[in-house]
Amino acid sequence: MNAIPENQLHSASLAARDLRVLWHPCTQMKDHETLPLVAIRRGSGAWLEDFEGKRYLDAVSSWWVNLFGHANPRINAALSAQLDKLEHVIFAGFTHEPAVRLAEQLVALTPPGLTRCFLADNGSAAVEVALKMSFHYWRNRGLPQKTRFMTLQNSYHGETLGALAVGSVELYKTLYKPLLMDVLTAPSPDSYNREPGESCEAYALRQFAHMERLLAEHAAELAAVIVEPLVQCAGGMRMYHPVYLTRLREACTRYGVHMIADEIAVGFGRTGTMFACEQASISPDFLCLSKGLTGGYLPLSAVMTTEDVYAAFYDEYTNLTAFLHSHSYTGNPLACTAALATLDIFATERPIESNRIKAAYLGQRARQLEDHPHVSEVRQCGMILAVEFVKDKRSREPYPWTERRGQLIYRHSLQNGVLLRPIGNVVYFMPPYIVDETEMDLMVQVAADGIELATCD
Ligand code: PMP
């Protein structure tokens, strides 16, 4: 079909054409028999707009990627300028200024010791790179028996086969288990499960004892432990105390096992510091970054690692120790330019500081939900705030997943001009940092009404 002039496009007709030819991610497509697909014409700031002019507040930063708003003038200008210079070039044997500057800045910004930057083009690919690099490092160092990985219960690291294997959210994983490598899974430090009266810190330390035991038992065969620092996002925005990361860093060093920090979702200020690892004062051996890296503009990911890891691959070609992982779009200059513009906004507008005030406001507004008869917890880590609703507040018995109550909230929020996308029985906000108080009021009100609607029977 030929392109139709934009002023003659309509949301409903575009959605109908879409459903004839497209297949969407994370979706049972049959749902769209009753659930309207939203066709977006443009975005501006924290808002998305459809073809009829209806606006939606993007309270989830379009899958946690957007940091400084849609159609951000500074990122747009940087991209336009780069378009006239170089759209893409092979990244093996060739380089370009945006990639060099980006790597220099990431080395300076990330925790100490992470002096090497390997680029890929999405979050799952970054996780694959970190896993393969860790395994390959031990092989190059003469320890080929270190072939296994350890993960935390309820973790998520992406959906390609390696990344899926080291995650543990059953919804994504169960079906594919026959295809996946076998990993060790340690109990999560998730504070939601602490005993009444127990502090998050005490619980994290108690849970760490299991991790320590598994490390002691399996160190000889373990290449790395992979964690989402502070917040298990896809696992329902479950949060834990930074002491767990401090202990894990120390134990990984002691047992000779790498630590991979997957900050794909929590990096770039989401948890209140530029990187979540900073709150535990640690440097992992591998730091995976993506999503907010380009301000939510273009797919790009980076794996930051140490000089020690780099050195283990630096050798005569004929020894066949080189890391040969590649993606066609590795180091794409446009994506690197969007990332540089994003880092420039961090440097000049100091959003981490202004986010402290915004996060405090959001927390104070959302706390009212704690009294709701079906809300078991309101939790927050920086600019991530989650509200968990349950069938029984006292026992915390969840609603059966088959009832899909979160979807009622999703529908309600769209009708009321907010994009909320609950994960099971967890409604959360992860807004772009340009969100203002009126917009936060709207988000919280729509979520509160949605929870009431979904739990009123
Ligand atoms: N790791 C974490 C912690 C994530 O949240 C995600 C995406 N939600 C990924 C990895 C995978 O990233 P991508 O979707 O870009 O493959």
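Which residue forms a salt bridge with Arg194, and how far apart are the closest N and O atoms? The legends below take up this contact and its surroundings in a predicted model.

**View 1. The two domains of the protein chain.** Domain 1 is made up of two segments, 38-71 and 351-455, while domain 2 covers 76-349. Taken over C-alpha atoms, the centres of domain 1 and domain 2 are separated by 26 Å.

**View 2. The interface of domain 1 and domain 2.** On the side of domain 1, 31 residues are in contact with 29 residues of domain 2. About 2,500 Å² of area is buried between the two domains, and carbon and sulfur atoms give 62% of this area.

**View 3. The salt bridge of Arg194 with Glu377.** Arg194 forms a salt bridge with Glu377, and the closest N and O atoms of the pair lie 3.8 Å apart. Across the interface of domain 1 and domain 2, two salt bridges are found by the rule, together with 15 residue pairs in polar contact, in which both residues have pLDDT of 80 or more.

**View 4. The side of domain 1 that touches domain 2.** At least two residues of this side are supplied by each of helix H2 (61-64), helix H12 (351-366), strand E13 (375-381), strand E14 (384-389) and strand E16 (426-429). The largest share comes from E13, which contributes five residues. Sorted by class, the side of domain 1 that touches domain 2 comprises 19 nonpolar, seven polar and five charged residues.

Technical notes. Residues numbered from 1 in each chain as written. Predicted model: local features only at pLDDT ≥ 70, side-chain atom pairs only at ≥ 80, totals over all residues. Heavy atoms only, no water. Domains from an automatic or database assignment. Contact = heavy atoms within 4.5 Å. Buried area = accessible area lost by both parts, 1.4 Å probe. Salt bridge = Lys/Arg side-chain N within 4 Å of Asp/Glu carboxyl O. Polar contact = N/O pair within 3.5 Å; in protein donor to acceptor, adjacent residues only side chain to side chain. Helix = DSSP H or I, 4+ residues; strand = E, 2+ residues; numbered from the N terminus. Nonpolar A, V, L, I, M, F, W, Y, C, P; charged D, E, K, R; others polar.
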